[in-house]
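Please look over the sequence and the structure before reading the points below.

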Amino acid sequence: MADGGINLNDFDLAKLNESDKAELRQFFANEGQKARIQTTVHNLTDMCFRKCVTGTIRSGKLDKSEEGCMANCADRFIDVSQLTVKHLQNLRQS
Amino acid sequence: MDSSGSVKAEVIKQVKTQYAVENARLLVEKVNEHCFEKCVPKPGSSLSNSESTCFTQCMEKYMSAWNQVSSTYVERLRREQ
């Protein structure tokens, strides 16, 4: 979240006590992780919708084959991204 | 509430709102992109009934697809961590 966002200088952070500071740090870590997951889901959906929903739109629901395709597509994309990392690690070791 | 607690609550509230807005913005952008492409192949002088029906269904479909990917991905993360 780069722009249009929140400027922490707008808050009176000096008022925070240590335990609230710790809680906020945890909150930021959690929200950051959630945001990363959501960004990945957006990207995967974008990619996989293009691959899986190819016909004319006839209903608002995913049909069975589209549903299976979306799940497979997401899973296989994770497979290949892991493969890339593994391959690069092998290259570095040899 | 003490002032530390109220500053904390305000930070949390604003950050959550900001994330929700960003998430919605991205979803709207993607739905428009995909469904305009699918449902309005040849833009006419106005949006026809069939185009707008298609668009609504496409939007619902895209959101189902998003949920499907989300549960697949989250399940995978849980299995592999």
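In this predicted model, K61(B) forms a salt bridge with E66(A), and the closest N and O atoms of the pair are 2.5 Å apart. The pair crosses between chains, running from helix α2 of chain B, which holds K61(B), to helix α2 of chain A, which holds E66(A). Side chains of opposite charge can pair when their charged atoms come close.

- K61(B) has its place in helix α2 of chain B, which covers residues 49-80.
- K61(B) counts as buried because its relative accessibility is 4%, under the 20% limit.
- E66(A) is also buried, with a relative accessible area of 9%.
- Neighbours within four places in sequence aside, K61(B) is in contact with several residues of chain A, among them F49(A), V53(A), I57(A), K61(A) and E66(A).

**The interface between chain A and chain B**

- The size of an interface is often given as the accessible area lost when the parts come together.
- Chain A and chain B bury about 4200 Å² between them, and 67% of this area is on carbon and sulfur atoms.
- Chain A gives 51 residues to the contact, and chain B gives 42 residues.
- There are 19 residue pairs in polar contact between chain A and chain B, with both residues at pLDDT 80 or more.
- On the side of chain A that touches chain B, the elements that give two or more residues are α1 (18-52) and α2 (64-93) of chain A.
- The largest share of that side, 19 residues, comes from α1(A).

- Eight salt bridges are found across the interface of chain A and chain B.
- K16(B) forms a salt bridge with E31(A), with 3.7 Å between the closest N and O atoms.
- E31(A) lies in helix α1 of chain A.
- Is E31(A) buried or exposed? E31(A) is buried, because its relative accessible area is 7%.
- Apart from neighbours within four places in sequence, E31(A) is in contact with K16(B) and Y19(B).

- Over all chains, the count comes to 20 salt bridges.
- R78(B) forms a salt bridge with E75(B), the closest N and O atoms being 2.9 Å apart.
- Both R78(B) and E75(B) belong to helix α2 of chain B, where they are three residues apart, about one turn of the helix.
- R79(B) also forms a salt bridge with E75(B), with the closest N and O atoms 3.8 Å apart.
- R79(B) and E75(B) are four residues apart in helix α2 of chain B, again about one turn of the helix.
- R78(B) is exposed, with a relative accessible area of 53%, and R79(B) is exposed at 54%, whereas E75(B) counts as partly exposed at 34%.
- A network of salt bridges links D75(A), R76(A), D79(A), R76(B) and E80(B).

**The annotated span of chain A**

- An unreviewed UniProt entry lists residues 26-90 of chain A as "domain: Tim10-like".
- In the model, this span is 83% helix and 0% strand, and the C-alpha atoms at its ends lie 35 Å apart.

**Confidence of the prediction**

- Chain B averages a pLDDT of 94, and 98% of the residues score at least 70.
- For the complex, the predictor gives an ipTM of 0.90 and a pTM of 0.87.
- Where pLDDT is low, the predicted coordinates should not be read in detail.

Technical notes:
Residues are numbered from 1 along each chain as its sequence is written. Chains are lettered from A and ligands numbered from 1 in the order in which they are written. Side-chain values use heavy atoms; hydrogens and water are left out. pLDDT is the predictor's confidence in each residue, from 0 to 100. Buried means under 20% relative accessible area, exposed over 50%, partly exposed in between (1.4 Å probe, protein chains only). Contact means heavy atoms within 4.5 Å. UniProt positions are given in the numbering used here, feature names are shortened, and annotations may be inferred rather than shown by experiment. Buried area is the accessible area (1.4 Å probe) that two parts lose on being put together, summed over both. A salt bridge is a side-chain nitrogen of Lys or Arg within 4 Å of a carboxyl oxygen of Asp or Glu. A polar contact is a pair of N or O atoms within 3.5 Å; within protein, one must be able to donate a hydrogen and the other to accept it, and residues adjacent in sequence count only if both atoms are side-chain atoms.
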